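Open the model in a viewer and follow the stops below in order. Each stop gives a selection and what is found there.

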2 protein chains.
Amino acid sequence: MVTTVTAPKPSAPPKKASFREKMHQAREDAIVSAVNRLLAERGFEGMTVDEVAAEVGVAKASLYKHFPSKEHLAAAAMVRILQRTLEHMATLPPQLPAHEKLKSVVRWAMQVHLAGEMPLLPTENSTLRSTLMAHGAYLDALVEVSDGLGTWIGEAQASGALNPTTPPIVVLYTLFARACDPVLGFMKAAGQHTTDEIVEWVLATCFNGLNTR
Amino acid sequence: MVTTVTAPKPSAPPKKASFREKMHQAREDAIVSAVNRLLAERGFEGMTVDEVAAEVGVAKASLYKHFPSKEHLAAAAMVRILQRTLEHMATLPPQLPAHEKLKSVVRWAMQVHLAGEMPLLPTENSTLRSTLMAHGAYLDALVEVSDGLGTWIGEAQASGALNPTTPPIVVLYTLFARACDPVLGFMKAAGQHTTDEIVEWVLATCFNGLNTR
DNA sequence: GTCTATACTAGGATAGAC
DNA sequence: GTCTATCCTAGTATAGAC
């Protein structure tokens, strides 16, 4: 075949390639957004791929051209929320005290939660767990968020703002857990308060505790 | 059929009736225990009726002689944990300060959680939710627990032990949520601390907050 | 890479004998 | 009221045309 004369594969025009790529990304973004919302509403087990397809307005088979399984769909949504978290963290002014940065992140996460966009934490022993634990992008993003928060936790404890006797890992896990706090949903369902009020009360409970100070 | 001579249905000997009844109750108790454990491990959607049957060591069809649906299996487990909560509440000495009673209940619930016996809260929009909302025994038990805790919350806020500016409903929901706090599972999975340490730290975080006091 | 149509399986529920 | 065997829907995933 060495002697065969074939035209060299023409490199596609950059403009067009970029356009196609953009469409592709936009479509995947729409998919991940839908997954994210359904994950927040129903959890991984409760969410069905049919629902995702319906919400995106695309055939189910098409989803599987983008992502190889339901677990990978969910993983993409988890990566996305972690990246959004990193983006929020990056917007915080460096001179802000560490404990204020932490508060801001939790406040932001609670607002995301109340907006119905915070995926529920996967239960242990879930098929999702093992996929996530083998998912490089997810682990990377998780480590990056944890490291960032961990640094601030150290600073806030050193400054005396956060209780230094609490093990930092307890603080870190508590912050993650508060982002998914069911209290937010309960209060919203009770329907007696604005989302801002709910966020401030739950946030205050988190940092100040239930006891009188 | 009025003229038909039939022996009057002999009332079963109390001893034997009681025995049969006891066997029945013991079987149902075993079922509910298994459901409770699997609900804690996998959540409602993640739990399968096959697993329940396997764990009890009984045929799946037999389960449906006791409970009409998967939802009702779960509801029975929810009722049971609420009743266990009421039992624990009843053991507390009346002269104990209200805020200590509340702490004791949360501590107990966390221990139950770490023992793998705390059913996960049902996600909103679940088929389980609607069954629970139509389940008299569940609602009764829920109201009874809520009323009991609500009374203590009022007392603890009046005494100044709990922050009186926090809406009581926030306190109540927070206590329920802490019983299912994923932080407990995270810390346990991290495997660096005893369950007693975990409980005390999470409990302290709940009542004292993350901030330095 | 999108669609329609379908394969395949898991899982909730039931039939019917004992 | 327990069992075995089965029904049947829902839901993940894929085939194959365009």
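**Stop one: the DNA surface**

Near means a heavy atom within 4 Å; helices are DSSP runs of H or I, at least four residues, numbered from the N terminus. This is a predicted model, with local features needing pLDDT of at least 70, side-chain atom pairs pLDDT 80 or more, and totals for chains, interfaces and linings using all residues. Residues are numbered from 1 along each chain as written, chains are lettered from A and ligands numbered from 1 in written order, and side-chain values use heavy atoms, without hydrogens and water.

H3(A) gives the most to this surface, four residues. For His66(A), the distance from a polar side-chain atom to a phosphate oxygen is 2.8 Å.

**Stop two: chain B against chain A**

Select the contact (heavy atoms within 4.5 Å): 42 residues come from chain B and 42 residues from chain A. Phe186(B), Leu210(B) and Asn211(B) supply 18% of the area that chain B buries against chain A, buried area being the accessible area (1.4 Å probe) lost by two parts on being put together, summed over both.

Finish at Arg178(B) and Asp181(A), whose side chains form a salt bridge at 2.5 Å, N to O (a Lys or Arg side-chain nitrogen within 4 Å of an Asp or Glu carboxyl oxygen).

How values were computed:
A polar contact is a pair of N or O atoms within 3.5 Å; within protein, one must be able to donate a hydrogen and the other to accept it, and residues adjacent in sequence count only if both atoms are side-chain atoms. Helices (H or I, at least four residues) and strands (E, at least two) are DSSP runs, numbered from the N terminus.
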